[in-house]
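Work through the two exercises below with the sequence and the model open beside you, and try each task before reading its solution.

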Number of protein chains: 2
Amino acid sequence: MKTAALPTEDQIDVSTQYIRDSIRDAIVDRRLAPGTKLSEADVGALFNVSRTLVRGALQALSYEGLVNVEKNRGAFVAYPSPEEARQIFATRRLIEPGILREAAKHMGPSHFQHLRQLLMEEGRLMGERGQTARRAEIKASGDFHLMLASMTGNAVMQRFMDELVARSSLVIALYGQSAISSCGHQEHQDIVTAIERGDLDRACHLMIHHIDHIEADLDMRENKSSDLREAFKL
Amino acid sequence: MKTAALPTEDQIDVSTQYIRDSIRDAIVDRRLAPGTKLSEADVGALFNVSRTLVRGALQALSYEGLVNVEKNRGAFVAYPSPEEARQIFATRRLIEPGILREAAKHMGPSHFQHLRQLLMEEGRLMGERGQTARRAEIKASGDFHLMLASMTGNAVMQRFMDELVARSSLVIALYGQSAISSCGHQEHQDIVTAIERGDLDRACHLMIHHIDHIEADLDMRENKSSDLREAFKL
DNA sequence: TTTGGTGAAATTGTATACGATCGACTAAGC
DNA sequence: GCTTAGTCGATCGTATACAATTTCACCAAA
């Protein structure tokens, strides 16, 4: 499932939007490692556009928290600190139960169908092995939360969740332990079931624990070389 | 209380950041009416910078929802529809109780002092009359919520609240009925008191009703000339 | 070998130039 | 007189040029 539609030839309308989405996908998919420098000239050459458009894309990504722009030094794929990660998940715990309740108000049979379909796909991916499958799994896991957000019909909430999920994906890619993420799938299913039964209290409860589990599966010990860099640059 | 410090001479370091803040303040303060066109050349001339920097500022403001950028037509001060306004307040109802609880965890005596001080200032402004005082009142009212958000120590939540408060100010400026906003002040005080007593359930309850009241005080009937404009432009 | 400084190369910050698009006005035709 | 087509001006989209800053390699001195 490509994120950007490819016309027959490669002379697409390569706009800022397209570049932004491409880079974001690459970051969330972990094809771009955290800390990677995104040189304006290099990226521009890659997409055959001038630095102007690249700058716009990088600025947008910096607003989303996926890229850090340092004055006179350039843009880098974000390297979220453990503290940042903690804050992201704290925020999710804070708003996702509310989103769930709000979404439940607007959900009809077709919505449940969509959710179930997504969960099937998610389950299928879990069966597979390999780097690609794991990436797809992380993505699918995020899509579940995004779909719930979209069902609120509230564009503001949706945008907040977009950002939170993207940054979470980055954090998971960084600190995730490959092993246990499979339990998340069952939790998604349980949440949908609880909503379907009208037991929203239980659904919220499950959601919070689900987020707890995601966070607990991370190994966020201070590590790597880059931490020193961060420490002294600030 | 100036928002941007003015050095002795007017040859300040006029960067994108400065332009963005200036425009945002002007929008939130209602010195720029919703729907106003923000021509890149004009704004640039005003700040003595090129269109490049202005574009950056306008793009950032468009992420915040304070400005709408229409392709090949230009940037306009946002004119939030009633539906948008509804979504903004729905989102606030969803996250502010959580912010309140989170903030309460970190609050010590000095924090309460700061809050009380802000409330005093707010009360003082309420006594005065006139356009300027009303603007300051709207701003102070927002600052209360922002201060709570800052006390969570969570940068993500803080940023979300920044955006929500700014957009709320715009909505209030647009649809607000000048009369009744004074009751908000008492509600702020009641909320602080409840937190101070450790009665967080009550504080959350008060907060939600407070937001309800703000929204109820708006007159969001479809109106004005600009709505027609919007209607036909889309 | 390490430390410190200097200069060139690379990269970003900002301004400007030019092509593209949109809107308004005018004029011609019905 | 109203509609419609065409041109002109203004404004935006993108690329490029130039200035400012950083980075890095190289060399000299301790």
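Two exercises follow, each with a worked solution.

This is a predicted model, in which local features need pLDDT of at least 70, side-chain atom pairs count only at pLDDT 80 or more, and totals for chains, interfaces and linings use all residues. Residues are numbered from 1 along each chain as its sequence is written, chains are lettered from A and ligands numbered from 1 in the order in which they are written, and side-chain values use heavy atoms, with hydrogens and water left out.

**Exercise 1.** Determine the strand order of the open sheet in chain A.

Solution. Strands are DSSP runs of E with at least two residues, helices are runs of H or I with at least four, and both are numbered from the N terminus; two strands pair if DSSP finds at least two bridges between them. Begin with β1(A) and β3(A) (residues 74-77), which run antiparallel and are joined by 2 bridges, with K37(A) opposite F76(A). The order of the 3 strands is β1-β3-β2, and the edge strands are β1 (37-38) and β2 (67-70) of chain A.

**Exercise 2.** Identify the polar contacts (pairs of N or O atoms within 3.5 Å) that side chains of chain B make with DNA strand C.

Solution. First, the side chain of S50(B) places an N or O atom 2.7 Å from a phosphate oxygen. Next, the side chain of T52(B) has an N or O atom 2.8 Å from a base nitrogen. Finally, a polar side-chain atom of N72(B) is 3.4 Å from a sugar or linking oxygen.

Technical notes. Polar contact = N/O pair within 3.5 Å; in protein donor to acceptor, adjacent residues only side chain to side chain.
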